[in-house]
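Subject: Handing over a structure

Hi,

Here is the structure I said I would pass on to you.

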Amino acid sequence: MADWHAPQGPFDIPDVPNFIPRRMKPWIFIFFVLIIQFSGGVYLAAASDMVGSSGLMQEDILMAGYASLIGLAVNFAVMFRIKFRFSNRTQLLVCCMVLMAANYICANTDSVPLLVATCFVAGWFRMQATLACNSTIQLWLTPTRDMSVFFCYVYIVVDSVIQLSGIATIYTAFFSQWEYMQWIMIGLLGLMMVLVLILVKPVRGPMFIPLRGIDWIGGFLWAGFMLAFTFICVYGNYFDWWESNEIWEATVIGTACLLINLWRATFLHHPYISFQAMKNRNVIRATCIYLVFFTLLATEHVFEHSYAAAILGFDETNLIDLNWYVFAGIIVGCGFTYFTFALRKWRYKTMTAIAFALAIVYLAYFYFLIDYGVEKEMLFIPLFFRGAAAVIISIVFLTSIVQSGLPFQVFPQALTINGFTGAVMSATFGPAVIGELLRHTVAKNAALLSAAFTDSNTAIAHIPFGEMIGMVQLQALVVSMKEIYGWLLIVGIASWLIIVLSYSSIRPWAIFPKWRTIRHSIRHLVRSEERGRARAVGRIE
């Protein structure tokens, strides 16, 4: 295996002209990746500014942001087909133009359907451009195509940009307006287009692979299911869940899309996502771990902003400065995973146990720390551990899917499932559950606390009624947060014990096939699809 993947001479990129020094060529594509990752369309950090200026609700902006992640996940199943159909130059230029248009639309529209559709398309093209860049420099990052090494690079870029883009967005809005972030990105994308025109040659692969045999209908149906699932999680509390027609309509649409896709997968030769990908053991294990793990960390979306803003009194700039703590955790988490999991080949079980242990420290710290007088610097440890834990679990289980033994034709389908469960479900399902639990817990604790505030108590008789209600609600919020942190801490410890007591000797060993092998596999897929269609036409005639 090592000889099969041995590098042939010094690494070079034929797409870039030779007047560029060889050592600089990979850094050009890393610069492109950073620009692409910063081009998010909608920036969730600016949600409060968008709500105040555009008339949109918080849920509308969240839905648009998650639609971008859905577009990214849906692209996984076809991204290699598109890569071998068009040159890197064409892919990057088209993606830049689409992302520029998406940023312009997101800065100027107040239509929720248009905003969601735009972010979905932007996420799709953002993923394609990211693949075009990262696949070009993959051999520079890991000559043996060790994906545990490659994914450390991927997540240190992707997760770091998420934190840094939030910081950049808030400070842009603080010194000017939130729309300027979109205009800055339009300018950077324009600069990237100029650099692509100058520095990237239109080099096409050694074979032409047409976009035939792709189940586009299945792709649209899977996107419909994911969007409906996300709609229910994001708008459920606003519409009072299944007491409203909107949630029922989303449920019916999502269920119909899912059932139709499952039915089509029983007879289609190449469905968008096959049963082989859905039933894979590593895919199922990763989905279950994601649901548990990111539900434990869902307090990030539900509690942290409310706690820091309402209880600690942080303004937006102080709130966004907390991203630096998470950013530090991401950097250290990726570095730790690289040296232990990628280089030393620590077991999956060991890395998973470490990630859950860090999540337990995060929950325990907030459970014992949460109070009215916490300084901002005291939040460094829990947020640092949260950032490290999330990036470790993501790298480990994405690598496990590579190692799942799936044939390459099915492997991108498994990535689509992983993208949906790891990015979309983890960001929507857990917060929906924890948010609903918080609402009921606050109501219960407010009722218990208000019983102590009676007119017969002379110590509080002089307090105005409105102020007294505010005190009750604030105290109920703190008590409820501590209570939920405690329950999550118990679940986290139980999960950690299950992992520690289980047995697994599996270590990361998977090596990605050569791009030449991938091209041959895709070409064989297209030819077999054409032969199948020809036989079907012959039978009809």
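Below is what was found, going from the whole chain down to single residues.

First, the ground rules. This is a predicted model, in which local features need pLDDT of at least 70, side-chain atom pairs count only at pLDDT 80 or more, and totals for chains, interfaces and linings use all residues. Residues are numbered from 1 along each chain as its sequence is written, and side-chain values use heavy atoms, with hydrogens and water left out.

**The chain as a whole**

The chain has 20 helices and zero strands. Both are DSSP runs numbered from the N terminus, helices being H or I with at least four residues and strands E with at least two. Of the 541 residues, 55% count as buried; that label means under 20% relative accessible area, while exposed means over 50% and partly exposed is in between (1.4 Å probe, protein chains only). The chain exposes about 24200 Å², and carbon and sulfur atoms supply 67% of that area. Accessible areas come from the Shrake-Rupley method with a 1.4 Å probe, and for residues only the protein chains shown count as cover.

Among contacts (heavy atoms within 4.5 Å) between residues at least 6 apart in sequence, 83% join residues at least 24 apart.

**The core**

The largest nonpolar core has 167 residues. Such a core is a set of buried Ala, Val, Leu, Ile, Met, Phe, Trp, Tyr and Cys residues joined through side-chain atoms within 4.5 Å. Phe29, Phe32, Leu92, Phe151, Phe293, Tyr307 and Leu379 touch the most other members. Leaving aside residues up to four places away in sequence, Tyr307 touches Leu312, Phe366, Leu369, Ile370, Asp371, Val374, Leu379 and Met481.

**A helix pair**

Helix H3 (residues 58–75) packs against helix H6 (residues 112–136) at an angle of about 35°, with the axes 7 Å apart. Axes here are lines fitted to C-alpha atoms, for helices over the stretch in contact, and angles run from 0 to 180 degrees between N-to-C directions. The crossing of H3 and H6 is right-handed, that is, the near helix is turned clockwise from the far one by less than a right angle. Among the residues that meet are Met63, Ala67 and Ile70 in H3, and Leu115, Phe120 and Met127 in H6. By class, the contact of H3 with H6 has 13 nonpolar, five polar and two charged residues. Here Ala, Val, Leu, Ile, Met, Phe, Trp, Tyr, Cys and Pro count as nonpolar, Asp, Glu, Lys and Arg as charged, and the others, Gly among them, as polar.

**Loop residues**

Tyr372 lies in the loop between helix H16 (348–369) and helix H17 (380–402). Why does Tyr372 count as partly exposed? Because its relative accessibility is 37%. Tyr372 touches Ile311, Leu312, Leu474, Gln475 and Val478, not counting residues up to four places away in sequence. Tyr372 and Leu312 are 60 residues apart in sequence, yet 6.1 Å apart in space, C-alpha to C-alpha.

Arg145, in the loop between helix H7 (138–141) and helix H8 (147–175), has a positive phi of about 55° although it is not a glycine. Arg145 is buried, with a relative accessible area of 7%. Lys345, in the loop between helix H15 (316–343) and H16, has a positive phi near 60° and is likewise a residue other than glycine.

**Helix residues**

Met278 is in helix H12 (residues 275–278). Met278 touches Trp222, Leu262, Ile273, Ile284 and Ile417, again not counting residues up to four places away in sequence. Met278 and Ala414 are 136 residues apart in sequence and 7.1 Å apart in space, C-alpha to C-alpha.

Ile105 sits in helix H5 (residues 88–108) and is partly exposed, with a relative accessible area of 28%. Beyond residues up to four places away in sequence, Ile105 touches Leu114 and Thr118.

Best wishes
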